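Dear colleague,

Please find below the structure that I am handing over to you, with its sequence. My notes on what was found in it follow.

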Amino acid sequence: NRRPYATTPLTAEEKTALLEAARPFSEARVKIVEDQEKLKLLGQALSANEIVMFENPLLYRLFFKEIVWTEEEEQNKKAGLFIKTLELKPPQEAMMKIFRYWPIMKIFNALGLARMIAEDNARIYSSSALMGAIIIEERDENFITAGRVMERLWLRATEMKLGFHLITGVMFLRQRLQAREKTGFLKKHQNLIEKAYQDIASIFEARDGLAALVFRVGKSDGPSARSSRLPAKMIEGGA
């Protein structure tokens, strides 16, 4: 649910129920932040992803390749990112159709468009009751555990009729750089990703672990649309 959320704090019972969902997994722990000033700083750090994504031609093309533009196309493909799930205002949605052409996007980026998008998203990210991070020791198998914890948190939030939004861009980009896969990344973007991650880790006090996933939670209207997913049996069958 990518809508803005109410900043009204969750009740103690809601927070306890949310955190209890992660308790069975000793390899991961969940830390939450509720202070509104810290949430603003987290929103700014997390939105560094949008600057990199819209200024990097490879990531830009990957993003737009995944967008599904109409409900009819969404029903036929049942895959990709349905445009309505991005919760864009009508003028923003119309502009997205123009920005899908890289030469046009490149011109607008010279005028600061990527940073304007990031600023707008930072405000949405920080409009939350709380943000949380799943902290793990950096071993490959622990990322599986982080995913399992995330699923349980998401299901518990949904059960309590709370909005839940997983935000992973900065963490995943930083993992790529840590693996020394820097091809295609400008130095300024490498520095931006590293600074953003360090800000996130500092706010969540993840000194002795890795912030693998970040999410936000809050009261909100339901999402305007949903992206389809393939049936589990098709995935298991390798289809």
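A residue is termed buried when its relative accessible area is under 20%, exposed when that area is over 50%, and partly exposed in between. Please bear in mind that this is a predicted model.

Glu14 belongs to helix H1, which covers residues 12–20. Its relative accessible area is 14%, and because this is under 20%, Glu14 counts as buried. Apart from neighbours within four places in sequence, the contacts of Glu14 are Met160, Leu162 and Lys219.

Glu27 lies in the loop between H1 and E1. Its relative accessible area is 38%, so Glu27 is classed as partly exposed. When residues up to four places away in sequence are not counted, Glu27 touches Ile135, Ile136, Glu137, Asn142 and Thr145. Glu27 and Glu37 are ten residues apart along the chain, and their C-alpha atoms are separated by 30 Å.

The largest nonpolar core comprises 44 residues, and Ile134 and Ile200 have the most contacts inside it. Two or more residues of this core come from each of strands E1 (28–33), E4 (130–136), E5 (163–167) and E6 (210–218), and likewise from helices H2 (36–46), H9 (140–159), H10 (169–178) and H11 (187–203). The greatest contribution is that of E6, with seven residues. In soluble globular proteins, nonpolar side chains tend to be buried together.

For Ile200, leaving aside neighbours within four places in sequence, the contacts are Leu42, Ala45, Leu46, Val170, Met171 and Val214. Another core, of 26 residues, lies apart from the largest one; Val52, Phe54, Phe64 and Leu86 are among its members.

Two of the strands named above also pair with each other. E5 and E6 run in the antiparallel sense and are joined over five bridges. Within this pairing, His165 stands opposite Arg216 in E6. E5 is mostly covered, with four of its five residues buried.

Finally, the cavities. How many cavities of 30 Å³ or more are there? The count comes to one. The largest cavity has a volume of about 30 Å³. Its lining is formed by Asn56, Leu58, Leu59, Arg176, Thr183, Gly184 and Phe185. Of these lining residues, three are nonpolar, three are polar and one is charged.

With kind regards

Definitions and conventions. Residues numbered from 1 in each chain as written. Predicted model: local features only at pLDDT ≥ 70, side-chain atom pairs only at ≥ 80, totals over all residues. Heavy atoms only, no water. Core = buried A, V, L, I, M, F, W, Y, C linked by side-chain atoms within 4.5 Å. Buried < 20%, exposed > 50% of the residue type's maximum accessible area, 1.4 Å probe, protein only. Contact = heavy atoms within 4.5 Å. Pairing = 2+ DSSP bridges. 1 Å grid on protein atoms, 1.4 Å probe; cavity = no way out; pocket = protein on both sides within 12 Å on 5 of 7 lines; lining within 4 Å. Points joined across faces, edges and corners; volume = space filled by probe spheres on them. Nonpolar A, V, L, I, M, F, W, Y, C, P; charged D, E, K, R; others polar.
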